[in-house]
Amino acid sequence: MEPMDAKQTLHRYLEMARQSLLWKLDGTSEYDARRPLTPTGTNLLGLVKHLANVELGYFGDTFGRLQGERLPRARGEEPNADMYARSDETREEILALYQRATAHADATIDALALDDTGSVPWWPDDVNPVTLHWILVHVVAETNRHAGHADVLREQIDGSAGHRPGADNLPDVDAAWWSAYVQRVEEAARLATAEDPVARAARRSSG
C-alpha cells in the first residue's frame, strides 16, 4: 500500500467519519430516525442534515466554490433549522443532500492544495483567511463529534453500538458480560461518591 500524504490522510478520516454517521441510520424506523433523544432535541436525521450544511459551507462558501443548494441557515430560518427534519422532508431527500454535499466537498479537496486559502464568511476577520488544511481538520473533528452523538442516540433507540461497518471496535462478548460490566461501572461510581449508601453510612459513623 502506498503511503498517504497529509491531504489523503485527512480525507480518508473524513470519509470514515461520514460512513460512521450514515451507518447509524441503517435499520431505523422513520420515527426513530427523526425523534429527539436529548433535552436539546438531538436526533439522527438532523445530524445528517446539519453536516450537509457544514460540508457545503466549509468546502463551498469558504473557497468561493458555491454549490447552489438553498440551506436552512442561508434562508434565515429559526435557530437550529438545520438540526432536524421537517415533516415535509423525507429521509431520502436529506440523505441525497448529504451525498451531494460530500461529493462537492470531495471535488474541492481534490482541486485545492492544503495551503490554498479561503475565508469562512461566518468566522471573525481575525481568524480568516484559512487554509484547506485548517478546514479539513475542522470538518474531520466536527463530523467525528456528531458521529459520536449519533452512536449514543442509536444505542438509546435499540442498543446498537459500534464505530463503523465491519469494525465496531467493541469487545467480542455477550449480553451477560455487558450487563455485569455496566453494574461494575455503576458500583465504581457509587463507591467514589456520596451516592453509595455503604460509603455514606461509613462517613456518618466516622463523623
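**Reading a loop, a helix and a core**

Visitor: Where does Asn80 lie?

Guide: Asn80 sits in the loop between H3 and H4. The model is predicted, and the values below are computed from it.

Visitor: What is the phi of Asn80?

Guide: The general idea comes first. Most residues other than glycine have a negative phi, and most peptide bonds are trans. In this structure, Asn80 has a phi near 70°, which is positive although the residue is not glycine. Its relative accessibility is 47%, so Asn80 counts as partly exposed.

Visitor: Which peptide bond is cis?

Guide: The bond running from Asn128 to Pro129 is cis, and its omega is near 0°. Pro129 belongs to the loop that links strand S1 (117-118) to strand S2 (130-131).

Visitor: Back to the loop between H3 and H4. Is Asp82 buried or exposed?

Guide: A residue counts as buried when its relative accessible area is under 20%. Asp82, found in the loop between H3 and H4, has a value of 3% and is therefore buried. Asp82 is 36 residues from Gly46 in sequence, yet their C-alpha atoms are 6.7 Å apart in space.

Visitor: How many helices and strands does the protein have?

Guide: There are 7 helices and 2 strands. In sequence order the pattern is α-α-α-α-β-β-α-α-α. Of the 207 residues in the protein, 37% are buried. Taking contacts between residues at least 6 apart in sequence, 69% join residues at least 24 apart.

Visitor: How does the length of H4 compare with what its residue count should span?

Guide: At 1.5 Å a residue, the 21 residues of H4 should span 30 Å, and the C-alpha atoms at its ends are 30 Å apart, so the two agree.

Visitor: Which residues of H4 are buried?

Guide: They are Arg91, Ile94, Leu97, Tyr98, Ala101, Thr102, His104, Ala105, Thr108 and Ile109. These residues cover an arc of only 160° around the axis, which means that they are on the same side of H4. Glu92, Gln99 and Asp110, on the other side of H4, are exposed.

Visitor: What do the buried residues of H4 pack against?

Guide: Their partners are H1, helix H2 (30-34), H3 and H5.

Visitor: How should I read the packing of H1 and H4?

Guide: In general, two packed helices are described by the angle between their axes and the distance between the axes. Here the axes of H1 and H4 come within 12 Å and cross at roughly 175°. An angle over 145 degrees counts as roughly antiparallel, so H1 is roughly antiparallel to H4. The residues that meet are Lys7, His11, Leu14, Arg18, Leu21 and Leu22 from H1, with Leu95, Tyr98, Thr102, Ala105, Asp106, Ile109 and Asp110 from H4.

Visitor: Which residues touch the most other members of the largest nonpolar core?

Guide: That core has 39 residues, and Leu21, Phe59, Ile135 and Leu136 touch the most other members. Helices H1 (6-23), H3 (44-59), H4 (91-111) and H5 (132-158) each supply at least two of its residues. The most come from H3, which gives 10 residues to this core.

Visitor: What does Leu136 touch?

Guide: Leaving aside residues up to four places away in sequence, Leu136 touches Lys7, Leu10, His11, Leu14, Phe59, Ile109 and Leu114.

Terms used. Residues are numbered from 1 along each chain as its sequence is written. This is a predicted model: local features need pLDDT of at least 70, side-chain atom pairs count only at pLDDT 80 or more; totals for chains, interfaces and linings use all residues. Side-chain values use heavy atoms; hydrogens and water are left out. A nonpolar core is a set of buried Ala, Val, Leu, Ile, Met, Phe, Trp, Tyr and Cys residues joined through side-chain atoms within 4.5 Å. Buried means under 20% relative accessible area, exposed over 50%, partly exposed in between (1.4 Å probe, protein chains only). Helices (H or I, at least four residues) and strands (E, at least two) are DSSP runs, numbered from the N terminus. Contact means heavy atoms within 4.5 Å. The expected span of a helix is 1.5 Å times one less than its number of residues. The arc is that of the directions from the helix axis to the C-beta atoms. Axes are lines fitted to C-alpha atoms, for helices over the stretch in contact, and angles run from 0 to 180 degrees between N-to-C directions. Angles under 35 degrees count as roughly parallel, over 145 as roughly antiparallel, 65 to 115 as roughly perpendicular and the rest as oblique.
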